[in-house]
Number of protein chains: 2
Amino acid sequence: MESANDADTDFPLQNLPYGVFRQAGQPFRCGVAIGKYVLDLALLEGLGLLDVARGRPVFADPSLNAFMSLGSFCWNSVRQQLLNLLAFGGDDRLQANAEAANRALVPLNDVELSLPFRVAEYTDFYSSRQHAFNVGSMFRDPENALPPNWLHMPIGYNGRASTVVVSPSAIRRPHGQIRDLGQPAPALRPSAHLDFELEMGAIVGSPSPIGSRLSVEQADDMIFGYVILNDWSARDVQTWEYQPLGPFQSKAFGTSISPWIVTKAALEPFRTSTPDREIALLDYLREPRPMSYDIAMDVALQPANATVETVISKTNYKHLYYSAAQQLAHHAVSGCAMTIGDLLGSGTISGPTEGSYGSLLELTRGGKKPLRLGNGESRTFLEDGDKVTMRARAGKKGNAIGFGACSGIVLPAR
Amino acid sequence: MESANDADTDFPLQNLPYGVFRQAGQPFRCGVAIGKYVLDLALLEGLGLLDVARGRPVFADPSLNAFMSLGSFCWNSVRQQLLNLLAFGGDDRLQANAEAANRALVPLNDVELSLPFRVAEYTDFYSSRQHAFNVGSMFRDPENALPPNWLHMPIGYNGRASTVVVSPSAIRRPHGQIRDLGQPAPALRPSAHLDFELEMGAIVGSPSPIGSRLSVEQADDMIFGYVILNDWSARDVQTWEYQPLGPFQSKAFGTSISPWIVTKAALEPFRTSTPDREIALLDYLREPRPMSYDIAMDVALQPANATVETVISKTNYKHLYYSAAQQLAHHAVSGCAMTIGDLLGSGTISGPTEGSYGSLLELTRGGKKPLRLGNGESRTFLEDGDKVTMRARAGKKGNAIGFGACSGIVLPAR
């Protein structure tokens, strides 16, 4: 079984991220990634090697929603069973059954991955202080870049769930109303300022009923896991449309997520505190213990004709001022019901230095300072054929776990 | 069968609105309202009196989503079949079968109604010129009350689908971050400025794929029908939170809709044009024919101890500057995929005069001019125990059709 694991992989034994996969001609079903393989959980469940729900099987579903609905006790139990089945010296029922082990481990190269869960609703936050400052300076007033509410609450807005797609994805350049500087009226045309936003997505695995609030601790318990998220944005559309009710069509044409959900359990060793508070938070947002994670993230850009990608940003999830648990507690503060499959975007993750910004808007100062790429080309915003790849990894060599990649290629406007 | 209909009802033969109902101890299923009865469509389908999908039955479902998914040809066919079954001189298979007719017509008084469809996503627009002007004057600057984009596009934002509830509903007064005038920091407390918003909701019955735009005509074809919608709002929370990304928790605690979906087919006789354009629209938003409706709407308020309600606003859907078809065309302009069960709120419907405003915020000028109620009480914003009832009716006596009521009672904060 050593072959399923290897030191350089994003998916060592201590990761076990969940996804939904199929081989050609077979139905989509749930699995976990281990090394260069997918472990077929539907098969293990069918063979009686996993004790999950006792009732109907959950892993033959083409989404993880049914499994998530069983709750955190069951998530932890299945993780323990999987660790036992896969580690030497544990439960040897799988390792002793060469035929079953062989069928259950499907090479990653042979599978197609789908969205790992049905997205109930998608909410996007704005929780990087540096990003809020950078964008506030450009879209509004550098003197008052940070809105007065920003240090008191994780600002968020409802996004569009119907266009969340799984990596690798083709993203069609959107049309939208765009008004040029000095013009009285807008025109309908393809966005010329297409951008990415480097984010992490938290997946709500347990529901909360309408009318109830959540503590940060309760909120953290409800989170099943995390994926990398690219909140593609049309900046020229956004500038014209976003006042007074927020972004709408400028963010509605596509949001990419990575296909493997890295569980909260796997991320435990990398827990860390959010940055020091500049102003004390209200009680309902205070964290009883570290609720953020130390996860290195980067963004690479590869033009259509380039042979290699250029890494254009390196940052870390821990820079975020608000954790996903705080975001979720705030999301429910009015009594808003939360649903299994809700996706919470962290907001663009921009670190404190120029090379750590999470969008082209910030990296190129609104298009004024083009970025040089490795192949000699330069970029202000994305061009057709550009491939954007985001990666994330927690820990150091030997105990690192990764998220795989979240990539997308820009298609020309239709 | 005359007893099923009557001249004063909201639900005469030419209406036939769809809902989901059950009697005590029975499962929820689909029906249409006719006079004081619900016609049990699951029963008719089971008896072979309706030719619907040939495949699996759709009306035994506890939502109308499966029926909507069959498309507008089928919607029209079922309407014709129902008109035939219910009208004298038509298809007499139901009228000739007294036992079946008796079982199929269930008194409205004996049923419980549920949400008529599974809400996929909820989008709220801002399409009343008077409302945008009134709110812009209060929240921002009276000199520049209308945002520069307002006359060019139906401004909208994504709302929260998980808290859409069916009338009659109990709405729990929400907590939220509220900052008092002159205070540096907010507090968490129950909203003291709880408000309603009188809206119409359009229900998307046909999907559109990611990456495709829609003409206004195509968008209109995709709309299945309309309900009254109350977008409950916490104004004190909204003021503090809404910049820069729009309303979030101030609108997330509850949205009520009326239980009967009045179909586009039933509303055809009441089609009318949207108001004259003040600035020409871009082509993709131009209406090839009348796309709005002449529907009288009103709001009544009844305090806990009052024996009667007071009508506090009378307005008309036709005042809206943008139709639901225009809103939907704009919603998809970026290539945003639309889903069966998407709910589009029209935005608060405020007419040109003070008595026709669609929210307390406007009716009381931000709480500065209390409203006198019939029982001698006055109101600036909603108090615990207040019952808000919205009604809508198209046409004049003899050919009128109604929407029933959308009502909700305010419960004290928890």
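1. Starting with the interface in this predicted model: 29 residue pairs are in polar contact between chain B and chain A, counting pairs with both residues at pLDDT 80 or more. On the chain B side, six elements each supply at least two of the residues that touch chain A: strands S6 (122–125), S7 (156–158), S10 (175–178) and S11 (187–190), plus helices H7 (235–241) and H9 (324–331). S7(B) gives the most, with three residues.

2. If you sort the side of chain B that touches chain A by class, you get 32 nonpolar, 20 polar and eight charged residues. As for salt bridges, the count between chain B and chain A is four. One to look at on screen is the salt bridge between Arg160(A) and Asp342(B), where the closest N and O atoms are 2.5 Å apart.

3. On extent: 60 residues of chain B are in contact with 60 residues of chain A. The two chains bury about 5,300 Å² between them, and 58% of that is on carbon and sulfur atoms. Within chain B, the residues losing the most area to chain A are Arg160(B), Leu245(B) and Phe248(B), which together make up 16% of what that side buries.

4. Now the cysteines. The count of disulfides over all chains comes to zero.

5. Over in chain B, Cys74(B) is in no disulfide either, and the nearest cysteine sulfur, that of Cys30(B), is 12 Å away. Cys74(B) is buried as well, at a relative accessible area of 10%.

6. Where does Thr348(A) lie? You'll find it in the loop between strand S22 (343–345) and helix H10 (360–363) of chain A. Despite the loop setting, Thr348(A) is buried, with a relative accessible area of 2%. Its side chain makes a polar contact with the side chain of Glu197(A), at 3.1 Å.

7. Still on Thr348(A), and leaving aside neighbours within four places in sequence, its contacts are Ser128(A), His131(A), Glu197(A), Leu198(A), Glu199(A), Leu320(A), Gly358(A), Ser359(A) and Glu362(A).

Conventions
Residues numbered from 1 in each chain as written. Chains lettered and ligands numbered in written order. Predicted model: local features only at pLDDT ≥ 70, side-chain atom pairs only at ≥ 80, totals over all residues. Heavy atoms only, no water. Contact = heavy atoms within 4.5 Å. Buried area = accessible area lost by both parts, 1.4 Å probe. Salt bridge = Lys/Arg side-chain N within 4 Å of Asp/Glu carboxyl O. Polar contact = N/O pair within 3.5 Å; in protein donor to acceptor, adjacent residues only side chain to side chain. Helix = DSSP H or I, 4+ residues; strand = E, 2+ residues; numbered from the N terminus. Nonpolar A, V, L, I, M, F, W, Y, C, P; charged D, E, K, R; others polar. Disulfide = S-S within 2.5 Å. Buried < 20%, exposed > 50% of the residue type's maximum accessible area, 1.4 Å probe, protein only.
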